[in-house]
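I opened a new structure today and kept notes as I went. The entries below follow the order of my look-ups.

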Amino acid sequence: MSETRHLDAISGRYSEARPLSQAHFGRDRQVMPGGVKGAYYHAPYPLTMARGEGCYLWDVDGHRYVDFANHHTSQVLGHNHEAVTEAIATQLQRGIALGAAMGNEVELAEEMCSRVKSLERVRFCNSGTEATLHAIRLARGFTGRPKIAKFEGGYHGSHDAVEISVAPALDKAGPAEAPHAVPQVRGMAPHAIDEMLILPYDDEASVARLVSAHREELACIILDPKAGVLPQRAEFMRSVAETAHRSEVPLILDEIVGFRVGTGGIQEHFGITPDLTTFGKIIGGGLPVGAFGGRAELMDLLDGTRGPTGFFQSGTYSGHPLVMAAGMATLSQLTPAAFDHMNELTQRLCDGIERQLQRLGVGGKAVHNGSVFSIYFTDGELTDYRSLARCDKKRAQPVFLALLERGYFLSHNLGMNALSLPTQVEHVDGLIEAFGEAVGATL
Ligand code: PMP
């Protein structure tokens, strides 16, 4: 069967079996452009879910899936974990939000500072986007320098300072060793790209050269530890940290997809000490959250009790008591043994997926950082954004739909998936087998 006919057939079966999701999507898009989550659209239409429990999801048409996406990696304990639902219920008895501290924000802040060595102070906000916005502003104010450096293919949320060269077209991206800054979307402040220096992943020599050439004007280097969703080499990560330190340019490590490798974050795993770190996802236990923190010297500029510093950061819902309760309950379950369990299963999964690809003679890779994993179809080496951009992306859609048919829910492009704590060997082995069938059916 040709590729197109195979995709048509599988999309047809998907639609036939999921009429209620189709009706929901039809209604959604009348009032929300592209539905509730435009960025997560996939053809023929995305699922509407009815409920989740542990590592399972059920859609409104009654299909059950093993969840390997886990709300964009944030549901590390799976769905409706007792510790989290009880913490939220207990907090709810005291009120939803009272316009004052309720005492549980400090528990989460202390827990984060005790886990992550570089954190002396932390500030909560409502999303990863807000976290990078405020961390960058702090670095700019602290250094008095205008420019920021980010990596080609790195993602830091959706504000003007960072939505640049996230996924640039290769014919616009310039030389690999000195990439051009390419706006990701229309409508950004025109000067945003003038204040951006783009660095290449996986090329420590070019990073050192570019940073040293621009050090006088650089307020910070912001580093997403995954190019797109491809984990970087430890030596590369350490070299970026050394370059930042040597050049006296503050390093912001973006750990928004953090607490996925071990208790001390990605920075402990790679042995690096950033000046500031941004957080999101897991620290809110599935509720909206962001945080940034780091060296007291920088963070205390936000301390209004010391008199005017010229700095300010606030938000109506920052440090929301329900979020703090859910986040603390989540972190308390993330013991070293919990990380070992998820990391080992993810290794087993990636090994199994690569075995299937080899058996079928299909070029591809399954890569992971702790319990976050991505699947790519390519015959080439994967090192940086440009090698990712050359992957065969068309192949993901029929495989994603075929996995749904077999009861496995992944992210629709097969990038940035994640395990949750309730996942067991049988779920992983089931996905490996289903993946072999799904890819085999496309040949
Ligand atoms: N930084 C990174 C590394 C991310 O992966 C994301 C979101 N996936 C963000 C920032 C933005 O976070 P949010 O979606 O909460 O704004």
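**Entry 1: the ligand**

I began at the ligand and found one of its nitrogen atoms 3.2 Å from a polar backbone atom of Tyr 155. I count a polar contact as a pair of N or O atoms within 3.5 Å; within protein, one must be able to donate a hydrogen and the other to accept it, and residues adjacent in sequence count only if both atoms are side-chain atoms. The model is predicted, so I noted its limits: local features need pLDDT of at least 70, side-chain atom pairs count only at pLDDT 80 or more, and totals for chains, interfaces and linings use all residues. Residues are numbered from 1 along each chain as its sequence is written, and side-chain values use heavy atoms, with hydrogens and water left out.

I then looked up two further ligand contacts. A ligand oxygen lies 2.8 Å from a polar backbone atom of Gly 128. At Asp 254, an N or O atom of the side chain is 2.7 Å from a ligand nitrogen. Taken alone the ligand exposes 390 Å², and the protein buries 83% of that. I noted the method for areas: Shrake-Rupley with a 1.4 Å probe, and for residues only the protein chains shown count as cover.

How many residues surround the ligand? I found 13, and the closest include Thr 129 and Lys 281. To be near, a residue needs a heavy atom within 4 Å.

**Entry 2: helix α7**

Next I checked α7, residues 234–247. Helices (H or I, at least four residues) and strands (E, at least two) are DSSP runs, numbered from the N terminus. The 14 residues should span 20 Å at 1.5 Å a residue, and the end C-alpha atoms are 20 Å apart, which agrees. The expected span is 1.5 Å times one less than the number of residues.

Among its buried residues I listed Phe 236, Met 237 and Val 240. Buried means under 20% relative accessible area, exposed over 50%, partly exposed in between (1.4 Å probe, protein chains only). Their cover includes β5, α6, β7, β10 and α8. Contact here means heavy atoms within 4.5 Å. After α7 comes Glu 248, with a positive phi near 55°.

**Entry 3: Thr 335**

Where is Thr 335? I found Thr 335 in the loop between α10 (321–333) and α11 (336–360). Thr 335 counts as partly exposed because its relative accessibility is 35%.
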